[in-house]
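Here is a short report on one protein model. Please view the sequence and the structure first.

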Amino acid sequence: MEKMLGLSARRSLPHYASERFDRWFTRHAVAGGADRGYRGKVILWDDTFVRYHEPHVGIAAVKVLEALGFEVALAKKRRCCGRPAFSQGNLDAATKVGKHNVDLLSSLHYSTTPILFLEPSCWSMFVEDYRELKIDNADNVAKRCFLFEKFLNDLLAQEPEALRFNERPATIAIHPHCHAKSILNPSFMATLAERVPGRKATVLDTACCGMAGAFGALADKYDLSVQVAQRLLDAIDNQPPGTEIIASGTSCRHQISDLTNVRPRHMAELLAEAIA
């Protein structure tokens, strides 16, 4: 693959899940697991990696949202957000899928429902890049788009007792995603983690993880990717033994998993695991 596609032989490839997240979700809904909703409906944007590679992240998010009393739905017939095309400068392709997604989410069926994102690079396409591409109705859809962690933290700030968590002493270190940091102050992530009793959280003062989508997987960029990651790796090495590492970006988790012995998790997993 390195010779034919230019992917580094030193880089692991994402594993495909034995069951896609959207198919798990269909079974879950049929079994009555989605029969909730006294708070109303939310759309969970099941990005490509959640759908095909990390369904456990999506399952954790569903558990948290349903415990809060939301009816969770997926956006049927959604397409990739366009981040890979946009990052490569293929603006025509990014505009095409963006227009499809905005039209879909502007339709009567979805037109007022909040849209929650587990992957910050997808979220930033909706709230920032679709607007730059001048896609019709992008502004209106952007107003309904929320990063999963921000949505949860804002709700729990208003209703601290909305979720009951188990108490367990733990130290949490959070690596914030570049796209999230470019739009929001990431300090709320530590606040959210510390809403779980016994947890002490820190947002790491790190830069880019160095993976940056497909960049870190390329053979001619691998060494540079590792160099960029060094600040993050040093920060992880300096954490006390047993510290749990949280990273919301799938590329960030991939990089950390490849270059350390740590298994980073998404904030949704931490919250779902702690629900009493």
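## An exposed aspartate

A residue counts as exposed when its relative accessible area is over 50%, and as buried when that area is under 20%. D205 has 63% relative accessibility, so it counts as exposed. The model is a predicted one.

D205 sits in the loop that links β6 to α12 (222-237). Its side chain makes a polar contact of 3.1 Å with the side chain of R231. H175 is 30 residues away from D205 along the chain, yet the two C-alpha atoms are separated by 7.9 Å.

## The three-strand sheet

Which strands make up the open sheet of 3 strands, and in what order? The order is β6-β5-β7, and the pairing is parallel. β6 (199-203) and β7 (244-247) are the edge strands. Each has a single partner strand, so one side of each lacks a neighbour in the sheet. On average, neighbouring strands here are turned by 25 degrees against each other, direction ignored.

Strand β5 covers residues 170-175 and pairs with β7 in the parallel sense over 4 bridges. Within this pairing, A173 stands opposite I245 of β7. Helix α14 (residues 267-274) packs on the sheet. The helix touches β5, β6 and β7, and its direction makes about 125 degrees with that of β7.

## A buried arginine

Is R265 buried or exposed? R265 has 12% relative accessibility, so it counts as buried. R265 belongs to the loop between α13 (250-259) and α14.

Two polar contacts of the R265 side chain stand out for description. One is with the side chain of E244, at 2.8 Å. The other joins R265 to the side chain of E273, at 3.1 Å. Leaving aside residues up to four places away in sequence, R265 touches E244, I245, I246, A247, R253, L270 and E273.

## Helix pairs

Helix α4 (residues 55-67) meets α14. Their axes come within 8 Å and cross at roughly 50 degrees. That angle makes α4 oblique to α14. The crossing of the two helices is left-handed. On the α4 side, the contact is made by H56, V57, A60, A61, K63 and V64. On the α14 side, A268, E269, L271 and A272 take part.

How are α12 and α13 set against each other, and at what angle do they pack? The angle is about 85 degrees, and the axes are 10 Å apart. The two helices are therefore roughly perpendicular to each other. From α12, the residues Y222, S225, V226, A229, L232, L233 and I236 meet Q255, I256 and L259 of α13.

## The four-strand sheet

Another open sheet has 4 strands, in the order β2-β1-β3-β4. Its pairing is parallel. β2 and β4 (145-147) stand at the edges. Each has a single partner strand, so one side of each is left without a neighbour in the sheet. Neighbouring strands are turned by 35 degrees against each other on average, direction ignored.

The pairings can be followed across the sheet. Strand β1 (residues 40-45) pairs with strand β2 (residues 70-73) in the parallel sense, over 4 bridges. There, I43 has A73 of β2 as its bridge partner. β1 also pairs in the parallel sense with strand β3 (residues 115-117), over 3 bridges. In that pairing, L44 has L116 of β3 as its bridge partner. β3 and β4 run parallel and are joined by 3 bridges. I115 has C145 of β4 as its bridge partner.

## Helices on the four-strand sheet

Helix α7 (residues 120-132) packs on this sheet, where it touches β1, β3 and β4. The direction of α7 makes about 150 degrees with that of β4.

Which strands does helix α9 (residues 148-158) lie across? Helix α9 lies across β1, β2, β3 and β4. It runs at about 85 degrees to β4.

Key. Residues are numbered from 1 along each chain as its sequence is written. This is a predicted model: local features need pLDDT of at least 70, side-chain atom pairs count only at pLDDT 80 or more; totals for chains, interfaces and linings use all residues. Side-chain values use heavy atoms; hydrogens and water are left out. Two strands pair if DSSP finds at least two bridges between them. Axes are lines fitted to C-alpha atoms, for helices over the stretch in contact, and angles run from 0 to 180 degrees between N-to-C directions. Contact means heavy atoms within 4.5 Å. Buried means under 20% relative accessible area, exposed over 50%, partly exposed in between (1.4 Å probe, protein chains only). A polar contact is a pair of N or O atoms within 3.5 Å; within protein, one must be able to donate a hydrogen and the other to accept it, and residues adjacent in sequence count only if both atoms are side-chain atoms. Angles under 35 degrees count as roughly parallel, over 145 as roughly antiparallel, 65 to 115 as roughly perpendicular and the rest as oblique. A crossing is left-handed if the near helix is turned anticlockwise from the far one by less than a right angle, and right-handed if clockwise.
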